[in-house]
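User: I would like to go through this model and ask what lies behind each label. Please set the values against the cut-offs as we go.

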Amino acid sequence: MATIEVKVQINAPIDKVWDVVSDIDNEPKFWKGTKEVKNISKNGNIINREITIAFRDQKCMQEVTIEPKKRIHAKFTKGILNGEKIVSLIPEENGTVLQTVWDIKMTGMMGMFTGMIKKHIKSGTEQAMQSIKKEIEM
């Protein structure tokens, strides 16, 4: 498994950060590794969806659990990626810390490339977090 952790300090209250981060249908706007999102079903705070990732336009299934104003837990349930991405909001005195933690690996024969994609995912996560920060602090 590849574990990646990225944090960014955002000068805004948690409510404002949550408004942007929790709009998970808008994910491709910030996360360049996600090309398309298609919701399959919703049951309370759990959404099953298909995402198309930038890596060879592969489709992956995710089960996304939304914990309002705390975190978004996306578990990869089918496809080339196995594992999870957790986006958390941590309130601080002068704003909010946005943290993303990936714990993933590529499945099947692609597993040998997990190390290679780790740097791409980390770079993409850093870029996404900065884009979210910029959008909120405008």
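Analyst: Helices here are DSSP runs of at least four residues and strands are runs of at least two, numbered from the N terminus. By that count the protein has 3 helices and 7 strands. The model is a predicted one.

User: In what order do the elements of the protein run from the N terminus on?

Analyst: The order is β-α-α-β-β-β-β-β-β-α.

User: How do you know whether the radius of gyration of the protein agrees with that of a compact globule?

Analyst: The globule rule is 2.2 Å times the number of residues to the power 0.38. For 138 residues a compact globule would have a radius of gyration near 14 Å, and the protein has 15 Å, so the value agrees. Along the principal axes, the C-alpha atoms fill a box of roughly 45 × 35 × 20 Å.

User: What share of the residues in the protein is buried, and what share of the contacts with a separation of 6 or more comes from residues 24 or more positions apart?

Analyst: Of the 138 residues, 42% are buried. Residues 24 or more positions apart account for 47% of those contacts. The protein exposes about 7700 Å², with 52% of it supplied by carbon and sulfur atoms.

User: Why is Thr96 called buried?

Analyst: Buried means under 20% relative accessible area. Thr96 has 0% relative accessibility, so it counts as buried. This residue lies in strand S7, residues 95-106.

User: Which residues is Thr96 in contact with, leaving aside neighbours within four places in sequence?

Analyst: The contacts of Thr96 include Val8, Gln9, Ile10, Ala12, Pro13, Ile14 and Val17, along with Leu89 and Ile90. Thr96 and Ile14 are 82 residues apart along the chain, yet their C-alpha atoms are separated by 5.7 Å.

User: What puts the buried residues of H1 on the same side?

Analyst: The buried residues of helix H1 (residues 14-21) are Ile14, Val17, Trp18, Val20 and Val21. They cover an arc of only 165° around the axis, and therefore lie on the same side of H1.

User: Is Lys133 buried or exposed, and why?

Analyst: The relative accessible area of Lys133 is 18%. The cut-off for buried is under 20%, so this lysine is buried. Lys133 is placed in helix H3, residues 114-137. Beyond its neighbours within four places in sequence, Lys133 is in contact with Val8, Gln9, Ile10 and Asn11.

User: Why is Glu67 called partly exposed?

Analyst: Partly exposed is the range between under 20% for buried and over 50% for exposed. Glu67 has 27% relative accessibility, so it counts as partly exposed. Glu67 is found in strand S4, residues 59-67. From Ile4, Glu67 is 63 residues away in sequence and 21 Å away in space, C-alpha to C-alpha.

User: Where do Asp57 and Lys69 lie, and why is each called partly exposed?

Analyst: Asp57 lies in the loop between strand S3 (46-53) and S4. Its relative accessible area is 42%, so Asp57 is partly exposed. Lys69 lies in the loop between S4 and strand S5 (71-78). With 41% relative accessibility, Lys69 therefore counts as partly exposed.

User: How many positive and negative charges does the protein have, and how far apart are their mean positions?

Analyst: There are 22 positive and 18 negative charges, and their mean positions are 5 Å apart.

Methods. Residues are numbered from 1 along each chain as its sequence is written. This is a predicted model: local features need pLDDT of at least 70, side-chain atom pairs count only at pLDDT 80 or more; totals for chains, interfaces and linings use all residues. Side-chain values use heavy atoms; hydrogens and water are left out. Buried means under 20% relative accessible area, exposed over 50%, partly exposed in between (1.4 Å probe, protein chains only). Contact means heavy atoms within 4.5 Å. Accessible areas come from the Shrake-Rupley method with a 1.4 Å probe; for residues, only the protein chains shown count as cover. Lys and Arg count as positive and Asp and Glu as negative; His and the chain ends are not counted. The place of a charge is taken as NZ of Lys, CZ of Arg, CG of Asp or CD of Glu. The arc is that of the directions from the helix axis to the C-beta atoms.
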